[in-house]
Amino acid sequence: MSAYTTVVVGTDGSPTSYVAVERAAAVARDSDAELVLVSAYTPASREETLEAEDALGAEAYQVRGWTPAEEVLRTAEDKAAAVGATKISKVAEDGAPADVLRKAVQERNADLLVVGNKGLNTLSGRILGSVPSDVARRSGVDVLIVHTT
């Protein structure tokens, strides 16, 4: 029996988050587990979208709907597949990152959550909290915090 059956990993499209994706993909590969790639997003207001569309011109599709989160997940899927993960699913959801990750863990009955350490060692992270510390305290499953910075 494998150590893990479902691994959830969060990504925001940053280079450091892709380090966590690659580590999660390696764990999923080695455990023959499903890898669930999760990206939380907050939709832009209509005004923000119009300003971005004006600035981007033909590339405006990048700021409509949840296209940015979808692109992040496509890139993460490519990186995970390159590491050898074979059972990959993707979730893009509106909400705060820690809340979206905890929801994905619960809905997918995941037994491992992987996040990068971004924000963990910052002053604001210590005072206001960070995604890694929040999910480590409140996710209810094993949490792997990957050193990405």
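**Fold, cores and exposed sites of a predicted model**

N109 sits in the loop that runs between α4 (97-107) and β4; helices and strands here are DSSP runs (H or I over at least four residues for helices, E over at least two for strands), numbered from the N terminus. The phi angle of N109 is near 50°, a positive value in a residue other than glycine. With a relative accessibility of 63%, N109 counts as exposed, given that exposed means over 50% relative accessible area, buried under 20%, and partly exposed in between (1.4 Å probe, protein chains only). The model is a predicted one, in which local features need pLDDT of at least 70, side-chain atom pairs count only at pLDDT 80 or more, and totals for chains, interfaces and linings use all residues. Residues are numbered from 1 along each chain as its sequence is written, and side-chain values use heavy atoms, with hydrogens and water left out.

The overall architecture can be set out next. The protein holds six helices and five strands, which follow one another along the sequence as β-α-β-α-α-β-α-β-α-α-β. Of its 149 residues, 40% count as buried. The accessible surface amounts to about 8,100 Å², and carbon and sulfur atoms account for 51% of that area; accessible areas come from the Shrake-Rupley method with a 1.4 Å probe, and for residues only the protein chains shown count as cover. Among contacts (heavy atoms within 4.5 Å) between residues at least 6 apart in sequence, 74% link residues at least 24 apart.

The five strands form an open sheet in the order β3-β2-β1-β4-β5, with parallel pairing; two strands pair if DSSP finds at least two bridges between them. Strands β3 (88-94) and β5 (142-146) each have a single partner strand and stand at the edges, so one side of each has no neighbour in the sheet. From one strand to the next, the twist averages 20°. Here axes are lines fitted to C-alpha atoms, for helices over the stretch in contact, and angles run from 0 to 180 degrees between N-to-C directions. Five bridges join β4 (residues 112-116) to β5 in the parallel sense, and G116 stands opposite V146 in β5.

Helix α1 (residues 15-31) lies across β1 (6-10), β2 (34-41), β4 and β5, and runs at about 175° to β1. The loop between α1 and β2 contains D32, whose phi is near 55°, a positive value in a residue other than glycine.

Packing comes next. A nonpolar core is a set of buried Ala, Val, Leu, Ile, Met, Phe, Trp, Tyr and Cys residues joined through side-chain atoms within 4.5 Å. The largest one has 23 residues, and V7, V9, V21, L35, L37 and V114 have the most contacts inside it. Two or more residues of this core come from each of β1, α1, β2, α3 (67-83) and β4, with α1 giving the largest share, seven residues. Leaving aside residues up to four places away in sequence, V21 touches V9, T11, L37, A76 and A80. Apart from this core lies another, of 13 residues, including V8, A104, A110 and V115.

Finally, helix α3 also carries D78, which is exposed at a relative accessible area of 55%. D78 and E22 are 56 residues apart along the chain, and their C-alpha atoms are separated by 9.9 Å.
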